[in-house]
Amino acid sequence: MLGARSIVQTGLRITGVQASSYRLKHTLPDLPYDYNALEPVISAEIMQLHHSKHHATYVNNLNVAEEKLQEAVAKNDVSSVIGLHGALKFNGGGHLNHSIFWQNLCPGGSGDPDGVLADAIKRDFGSFQAMKEKLSASTVAVQGSGWGWLGYNKASGKLQIAACPNQDPLEATTGLVPLFGIDVWEHAYYLQYKNVRPDYVKAIFEVANWNDVAARFAAAGGK
């Protein structure tokens with residue numbers, strides 16, 4: 001039977017190797033643009049609340065959960081370690097997902113993808129428009145809160161569309177490398193788009209940063 005010290009990877013790093021070891025805390029990343037930079041697609045009010053309140057809460061709660069994990073590991077308390085799984089997954093996923101989301105966007109958008117990424121999209125979906133339609137449909141169809149993703153399957157060497165509930169991190173739950181994510185929690189759009197999620201999903205492509213997506217694709221070994 002595995003001891004508590006031998007387990008628990010949050011998706012960010014393995015913690016609790018030594019009970020007395022120094023643990024770096026997660027911090028809220030700065031946005032690469034001002035809160036109003038994505039207007040009119042996403043309002044400054046939404047961006048400020050989304051980043052400084054919601055993302056910050058995931059970061060804070062992740063740090064708390066990891067501190068509790070470290071204490072449980074030090075005590076070899078396997079039951080408590082297992083009980084922390086939900087908090088680590090939810091808050092760790094929220095931190096991972098949003099850290100990608102901010103970089104996936106840029107003021108005015110970057111224009112359509114080109115180069116290797118564009119070739120891969122055409123190969124795997126037929127066209128960029130077809131990929132957007134498939135990603136949009138999958139994202140709009142998320143029941144309740146969650147995310148729509150364009151991901152990369154390293155095993156097959158192909159791009160794939162996927163959706164995840166709540167803050168489930170794409171790679172940890174599906175094995176796909178996250179490239180481009182659309183947040184469809186209501187806090188991401190409701191103040192501006194009300195209950196019309198399809199309008200928000202359609203508009204998000206106007207500020208999509210395909211240069212960032214291409215860099216993630218290249219880093220994952222995509223061809």
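This is a predicted model: local features need pLDDT of at least 70, side-chain atom pairs count only at pLDDT 80 or more; totals for chains, interfaces and linings use all residues.
Which residue in β2 is the bridge partner of Gly151?

**View 1. Gly151 has bridge partners in two strands.** In β2, Gly151 is bridged to Gln160. In β3, the bridge partner of Gly151 is Pro178. Another pair to look for is Leu150, which stands opposite Phe180 of β3.

**View 2. Three strands form an open sheet.** The strand order is β2-β1-β3, and the pairing is antiparallel. β2 and β3 (177-183) are the edge strands, each pairing on one side only. From one strand to the next, the twist averages 25°. Strand β1 covers residues 146-153 and strand β2 covers residues 158-165; eight bridges join the two. Six bridges join β1 to β3. In a regular strand, side chains alternate between the two faces of the sheet.

**View 3. Helix α4 packs on the sheet.** Helix α4 spans residues 115-125 and touches β1 and β2. The direction of α4 makes about 80° with that of β2.

**View 4. A hairpin links β1 and β2.** Four residues lie between the two strands of this hairpin. Gly157 takes a positive phi here, near 70°.

**View 5. Strand β3 is enclosed.** How many of the seven residues of β3 are buried? Seven of the seven are, so β3 is largely enclosed by the rest of the structure. For the protein as a whole, 46% of the 223 residues count as buried.

**View 6. Ala220 sits in the segment after α9.** Helix α9 covers 210-219, and Ala220 is found in the segment that follows. Is Ala220 buried or exposed? Ala220 is buried, because its relative accessible area is 12%, below the 20% cut-off. Leaving aside neighbours within four places in sequence, Ala220 is in contact with Tyr152, Lys154 and Val177. Val177 and Ala220 are 43 residues apart in sequence, yet their C-alpha atoms are 7.1 Å apart.

**View 7. Tyr33 is buried in the segment before α1.** Helix α1 covers 44-74, and Tyr33 is found in the segment before it. Tyr33 has a relative accessible area of 11%, so it counts as buried. Which residues does Tyr33 touch, not counting those up to four places away in sequence? They are Leu38, Met47, Trp102, Leu105, Cys106 and Pro107. Trp102 is 69 residues from Tyr33 along the chain, and their C-alpha atoms are separated by 9.1 Å. Across the protein, 71% of contacts between residues at least 6 apart in sequence join residues at least 24 apart.

**View 8. A cis peptide bond precedes Pro40.** The bond from Glu39 to Pro40 is cis, with omega near 5°. Pro40, too, lies in the segment before α1.

**View 9. Helices α5 and α8 pack together.** Helix α5 spans residues 128-140 and helix α8 spans residues 197-204. Their axes are 10 Å apart, at an angle of about 145°. The crossing of α5 past α8 is right-handed. On α5, the contact is made by Ser136, Thr139 and Val140. On α8, it is made by Arg197, Pro198 and Val201. By class, the contact has three nonpolar, two polar and one charged residues.

**View 10. Two loop residues have positive phi without being glycine.** Asn166 has a phi of about 55°. Asn166 lies in the loop between β2 and α6 (170-174). At 38% relative accessibility, Asn166 is partly exposed. Lys194 also has a positive phi of about 55°. Its loop runs between α7 (190-193) and α8. With a relative accessible area of 46%, Lys194 is partly exposed.

**View 11. Cys106 and Cys164 are buried.** Cys106 counts as buried because its relative accessibility is 13%. Cys164 is buried too, at 3%. How many disulfides does a search of the whole structure find? The search finds zero.

View 12. The protein has nine helices and three strands. From the N terminus on, the elements run α-α-α-α-α-β-β-α-β-α-α-α.

Key. Residues are numbered from 1 along each chain as its sequence is written. Side-chain values use heavy atoms; hydrogens and water are left out. Axes are lines fitted to C-alpha atoms, for helices over the stretch in contact, and angles run from 0 to 180 degrees between N-to-C directions. A crossing is left-handed if the near helix is turned anticlockwise from the far one by less than a right angle, and right-handed if clockwise. Contact means heavy atoms within 4.5 Å. Ala, Val, Leu, Ile, Met, Phe, Trp, Tyr, Cys and Pro count as nonpolar, Asp, Glu, Lys and Arg as charged, and the others, Gly among them, as polar. A disulfide is a pair of cysteine sulfur atoms within 2.5 Å. Buried means under 20% relative accessible area, exposed over 50%, partly exposed in between (1.4 Å probe, protein chains only). Two strands pair if DSSP finds at least two bridges between them.
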